[in-house]
Amino acid sequence: MDEKDNKKRLTRGQAIRAKCLDCSGFQPIEVKLCPVVNCPLWVYRLGYEVDESNQKTGKAKKQEKK
Ligand code: SF4
């Protein structure tokens, strides 16, 4: 069995969330309050796409309904 088979496969949203938690010392509130709005991951940092007021975007809401 190769090493990749042992790793849990994450969705893109979960992977971005994990990266943001790592970046913020594993403090969820720090991810939510992240001031680096020019970071390419910023809109996805909560595990789904949000706008400037941390509200889910229309796209994320549609995915939630599925
Ligand atoms: S959005 Fe960028 S700067 Fe902010 S926590 Fe995520 S990776 Fe770090």
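**Loops and helices**

Me: In which loop is the place of Phe26?

Reply: This is a predicted model, where local features need pLDDT of at least 70, side-chain atom pairs count only at pLDDT 80 or more, and totals for chains, interfaces and linings use all residues. Residues are numbered from 1 along each chain as its sequence is written. Helices are DSSP runs of H or I with at least four residues, strands are E runs of at least two, and both are numbered from the N terminus. On that numbering, Phe26 sits in the loop between α2 and α3 (28-32).

Me: Is Phe26 buried or exposed?

Reply: C-beta atoms are placed from the backbone, and a residue is buried if 20 or more other C-beta atoms lie within 10 Å of its own, exposed if 12 or fewer, and partly exposed in between. Phe26 has 11 C-beta neighbours inside 10 Å, so it counts as exposed.

Me: What is the phi of Phe26?

Reply: Most residues other than glycine have a negative phi. Phe26 is not a glycine, yet its phi is positive, at about 60 degrees.

Me: What is the phi of Asn54?

Reply: Asn54 is in the loop between α3 and α4 (58-65). Asn54 counts as exposed, because it has 10 C-beta neighbours inside 10 Å. Asn54 is not a glycine, but its phi is positive, at about 65 degrees.

Me: What pattern does the protein follow along the sequence?

Reply: The protein has four helices and zero strands. Read along the sequence, that gives the pattern α-α-α-α.

**Helix α2**

Me: How far apart are the end C-alpha atoms of α2?

Reply: The expected span of a helix is 1.5 Å times one less than its number of residues. With twelve residues, α2 should therefore span 16 Å, and this agrees with its end C-alpha atoms, which are apart by 16 Å.

Me: Which residues of α2 are buried?

Reply: Start with the face turned away from the buried side: it carries the exposed residues Gln14 and Asp22. What covers the buried residues includes α3. Those buried residues are Ile16, Arg17 and Cys20.

Me: Which residues is Val31 in contact with, leaving aside neighbours within four places in sequence?

Reply: Val31 is in helix α3. Val31 is buried, because 21 other C-beta atoms lie within 10 Å. Contact means that the C-beta atoms of two residues lie within 7 Å. On that test, Val31 is in contact with Cys20, Leu21, Ser24 and Arg45.

Me: Is Lys32 exposed, buried or partly exposed?

Reply: Lys32 also has its place in helix α3. Not counting residues up to four places away in sequence, Lys32 touches Leu46 and Asn54. Lys32 has 13 C-beta neighbours inside 10 Å, so it counts as partly exposed.

**Around the ligand**

Me: Which helix gives the most to the shell around the ligand?

Reply: A residue is near a molecule if its C-beta atom, placed from the backbone, lies within 6 Å of it. The residues surrounding the ligand include Lys19, Val31, Trp42 and Arg45. With three residues, the most comes from helix α2.

Me: How do the shell residues divide into nonpolar, polar and charged?

Reply: Ala, Val, Leu, Ile, Met, Phe, Trp, Tyr, Cys and Pro count as nonpolar, Asp, Glu, Lys and Arg as charged, and the others, Gly among them, as polar. The shell around the ligand divides into eight nonpolar, one polar and two charged.
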